[in-house]
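Here is a friendly briefing to read with the model open beside you.

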Amino acid sequence: MTDIWSFLQLRMPDLLTALREHLIISFSSILLGSLIAIPLGIALVYNRIRWVNTIIFFIANLMQTVPSLALLAVLIPLLGIGIKPAILALLLYSIMPILRNTYDGFQAVDRHVLESARGMGYSTMQRILTIQLPLSLPYIMSGIRITTVYIISWATLAALIGAGGIGQLIISGMGVNKPELVFSGALGAVILAFIVDWLLGQLEKWLSGKFGRMGGAEV
């Protein structure tokens with residue numbers, strides 16, 4: 001344990017650099033995935049052509065079944081190696097859970113509240129922004145929280161295509177037979193996932209307390 005601690009102190013600059021790269025890859029994927037999945041989920045709620053919803057959910061679910069390494073390999077001829085294919089691959093993985101939770105959250109809003117708002121002259125956009133979106137935030141945050149933890153884990157594979165991150169420490173450690181490097185990379189990924197999960201969990205609880213019981217409130 002002393003050797004590992006000494007190694008961590010010695011290589012701290014490299015660890016911080018890898019951590020920064022990992023955060024950039026992970027949060028870029030989540031941000032872009034959210035920007036796609038949340039509006040798409042809202043659009044599907046109001047879409048009346050049900051077979052379109054079925055196809056979109058099928059495609060999004062299909063992305064979840066493709067092995068990570070296979071998806072990265074497919075993207076290399078298109079985007080080369082580095083951070084771009086890594087972010088795109090993780091973005092595709094992030095869409096389904098956020099999309100599903102957004103859709104379910106909007107569907108769970110009390111219909112009587114929406115009817116009351118419609119009777120008061122609220123437009124569709126006003127109902128979305130002032131009623132459905134706030135009430136759906138706990139659902140949406142739950143999807144983002146789960147997805148973020150998965151993405152942080154999957155992002156370690158991005159090192160295989162030269163994207164850097166914590167996974168690079170693990171791969172380098174295996175290549176030069178340095179258990180300390182492998183351990184520091186694995187430990188960093190686990191700690192990062194725990195910290196982010198805790199922070200998002202606190203935000204989810206706050207949103208649930210603030211908006212979760214508003215479904216029956218008067219408009």
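Helix α6 gives the most to the lining of the second largest pocket, with four residues. This is a predicted model, in which local features need pLDDT of at least 70 and side-chain atom pairs count only at pLDDT 80 or more, while totals for chains, interfaces and linings use all residues. Residues are numbered from 1 along each chain as its sequence is written, and side-chain values use heavy atoms, with hydrogens and water left out. The protein has nine helices and zero strands, where helices (H or I, at least four residues) and strands (E, at least two) are DSSP runs numbered from the N terminus.

**Overall**
- The C-alpha trace spans about 70 × 40 × 20 Å along its principal axes.
- Of the 219 residues, 42% count as buried, meaning under 20% relative accessible area, with exposed over 50% and partly exposed in between (1.4 Å probe, protein chains only).
- Among contacts (heavy atoms within 4.5 Å) between residues at least 6 apart in sequence, 78% join residues at least 24 apart.

**The second largest pocket**
- On a 1 Å grid over the protein atoms alone, a pocket is an open set of points with protein on both sides within 12 Å along at least five of seven lines, a cavity is a set where a 1.4 Å probe fits but cannot get out, and lining residues have an atom within 4 Å of a point.
- This pocket has a volume of about 160 Å³, a volume being the space filled by probe spheres set on the points, which are joined across faces, edges and corners.
- Its lining consists of V45, Y46, R48, R50, Q107, R111, L114, E115, R118, R127 and Q132.
- The elements that give two or more residues to this lining are α2, α6 (111-119) and α7.
- By class, the lining has three nonpolar, two polar and six charged residues; here Ala, Val, Leu, Ile, Met, Phe, Trp, Tyr, Cys and Pro count as nonpolar, Asp, Glu, Lys and Arg as charged, and the others, Gly among them, as polar.

**The cavity**
- The count comes to one cavity of 30 Å³ or more, and the largest cavity has a volume of about 50 Å³.
- S68, L72, A86, A89, L90, Y93, W154, A155, L157 and A158 line the largest cavity.
- Helix α5 supplies the largest share of that lining, four residues.
- This lining divides into nine nonpolar residues, one polar and no charged.

- A86 touches I25, S29, L72, A158, I161 and A163, not counting residues up to four places away in sequence.

- In α8 (residues 166-175), I166, G167, L169 and G173 are buried.
- Seen down the axis of α8, these buried residues fall within an arc of 155°, so they line one face of the helix; the arc is that of the directions from the helix axis to the C-beta atoms.
- N177 follows α8 and has a positive phi, near 55°.
- A18 lies in helix α2 and is buried, with a relative accessible area of 5%.
- A18 touches G165, I166 and L169, not counting residues up to four places away in sequence.
- The C-alpha atoms of A18 and L169 are separated by 7.6 Å, although the two are 151 residues apart along the chain.
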